[in-house]
Amino acid sequence: MKFASVLGLAAVAAGLSPIMPDPPVRSASGPAASVQDIPAGAPVFELDPSWPAVPDRWVLGEVSSIGVDDSGRILLLHRPRSAPSAERSRAAPPVLEFDIAGNFLGAWGGEGAGYEWPEREHGIHVDHEGSIWIGGNYCPERELPGLEPVSDDQLLKFSRSGEFLLQIGRSDGSAGSGDIRNVRQPGDQAVYPSTNEVFVADGYGNRRMVVFDADTGEFRRMWGAFGNEPVDSYECPPSLDPPVPGGDEGPPQFHIVHAVSISGDGLVYVADREFARVQIFDIDGGFVEQVFMPDNAGPGDVAFSADPSQQFMYVAAGSRTFVMDRRSLEVLYWFEGSGHHIATDAEGNLYTAETGQRRARKFVFMGLSGPGR
């Protein structure tokens, strides 16, 4: 199958601009590279415009995150209280479940006994056991209508059916980046099966990665950018255009730690959004390398291809989705359209959660491209 024809279908269906040549990209492991042609062997996607089938009785608020379990169940996390005021009474529950075809399976979430639901839903993750992790990023100084004036300093774990299992931290409980009991407005979380630990991109309030036991919530370790000791530089709301101190390697600390993804070979990919870079660590927090995104595009999330070696990584950054070689960190191509958070399923399909558009989308994996143009 020819790459140009398949991608052309996706562009037409999505209303996207054509694929463009890449600006230079710089990684810690090599010089800048510029891709002028679409390479053979790159993954190809086509938009499924009918996915998902949200029940007509409901509307969505800002769709902030998306997760996939091993059985192909897709979970959307949205912010019901962000739906337009005229439609808010019809807002769906925060978590909606669909199958790969987009059929609606169920919905749940919100306030309940024994836990503190976040004020502003932000990240969802489904772990290897099917458990569902949810965090929020509300800071009370934002004073958004309908939200209580407390900080989302907790992380919640639910069973596959939505039964509450564990809360790490407490609402409005954070003591800062050195706190080993609370998070502070976390951006995302991911469980690494081999160690059964939950890695938290912590986040909007703190400037760190922090790791807890996924069953007990016991603190394990933490680190900042480059594996440095994290420091406090709390802002509410955080600046979306911070100064960028530092030399060629960039600032010595994270700004908004927006997302975390862990590859099968035990590398931790951290999206440091406002500093336009993805930093890579080993499981213990040792710094491996980093890659800066083209045109200072802020990476919102990272996902991996479904092949056993996870040859490709997908980075949602700015208004684009970048398709990259995971080993070399080379940008192969990009397309217009991006997600606040993204995920892939076992068939290689790519899903995006898009806050501003109040929607989720599915890009169907069509195989690898033929000879480049």
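Trainee: Which residue of β11 is the bridge partner of L156?

Mentor: Q167 in β11 is the bridge partner of L156. Strand β10 (residues 154-158) pairs with β11 in the antiparallel sense, over five bridges. These two strands also form a hairpin, with five residues between them. In its turn, G162 has a positive phi of about 90°.

Trainee: What is the order of the strands in this open sheet?

Mentor: The order is β8-β9-β10-β11, four strands with antiparallel pairing. β8 (121-126) and β11 (164-169) are the edge strands, and each pairs on one side only. On average, neighbouring strands of this sheet are turned by 20° against each other, ignoring direction.

Trainee: How do I read the side chains of a strand?

Mentor: In a regular strand the side chains alternate between the two faces of the sheet. In β10, Q154, L156 and F158 point one way, while L155 and K157 point the other way.

Trainee: Why is β10 described as largely enclosed by the rest of the structure?

Mentor: Five of the five residues of β10 are buried, so the strand is largely enclosed by the rest of the structure. For F158, the relative accessible area is 0%. The cut-off for buried is under 20%.

Trainee: Where is another open sheet of four strands?

Mentor: Look at β20-β21-β22-β23, given in sheet order and with antiparallel pairing. β20 (299-304) and β23 (331-336) stand at the edges with a single partner strand each, so one side of each has no neighbour in the sheet. From one strand to the next, the twist averages 20°. Inside this sheet, six bridges join strand β21 (residues 312-317) to strand β22 (residues 320-325), and the two run antiparallel. M313 stands opposite M324 in β22.

Trainee: Which residue in the turn between β14 and β15 has a positive phi?

Mentor: G217 does, at about 80°. The turn belongs to a hairpin of β14 and β15, which have five residues between them. Strand β14 (residues 208-213) pairs with strand β15 (residues 219-223) in the antiparallel sense over four bridges. M209 stands opposite W223 in β15.

Trainee: How many disulfides does a search of the whole structure find?

Mentor: A disulfide is a covalent bond between the sulfur atoms of two cysteines. The search finds one. C139 is joined to C236, with an S to S distance of 1.9 Å. The pair links distant parts of the chain, 97 residues apart: C139 is in the loop between β9 and β10, and C236 is in the loop between β15 and β16 (257-262). The link of C139 and C236 is right-handed, with 95° about the S-S bond. C139 has a relative accessible area of 1% and is buried.

Trainee: How many aromatic pairs are there?

Mentor: The count comes to 21 aromatic pairs. In one of them, the ring centres of Y115 and F164 are 5.1 Å apart and the planes are at 35°, so the pair is tilted. Y115 lies in the loop between β7 (104-108) and β8, and F164 in strand β11, 49 residues apart.

Trainee: Are Y115 and F164 buried or partly exposed?

Mentor: Y115 is buried, at 16% relative accessible area, whereas F164 counts as partly exposed at 25%. Next take W117 and F158: their ring centres are 5.9 Å apart and their planes at 50°, so this pair is tilted. W117 is in the loop between β7 and β8 and F158 is in strand β10, so the pair ties together parts 41 residues apart in sequence. W117 counts as buried, at 7% relative accessibility.

Trainee: Which residues form one aromatic cluster?

Mentor: F199, W223, F226, F254, F281 and F287 do. W223 is the residue that M209 stands opposite.

Trainee: Where is the pLDDT below 50?

Mentor: Where pLDDT is low, the predicted coordinates should not be read in detail. The mean pLDDT of the protein chain is 89, and 89% of its residues reach 70 or more. Over residues 1-36, however, the pLDDT is below 50. That stretch has 83 contacts in the model beyond near neighbours in sequence.

Key. Residues numbered from 1 in each chain as written. Heavy atoms only, no water. Pairing = 2+ DSSP bridges. Axes fitted to C-alpha atoms, helices over the stretch in contact; angles between N-to-C directions. pLDDT = per-residue confidence, 0-100. Contact = heavy atoms within 4.5 Å. Buried < 20%, exposed > 50% of the residue type's maximum accessible area, 1.4 Å probe, protein only. Disulfide = S-S within 2.5 Å. Phe/Tyr/Trp six-rings, centres within 6.5 Å; stacked < 30°, edge-to-face > 60°.
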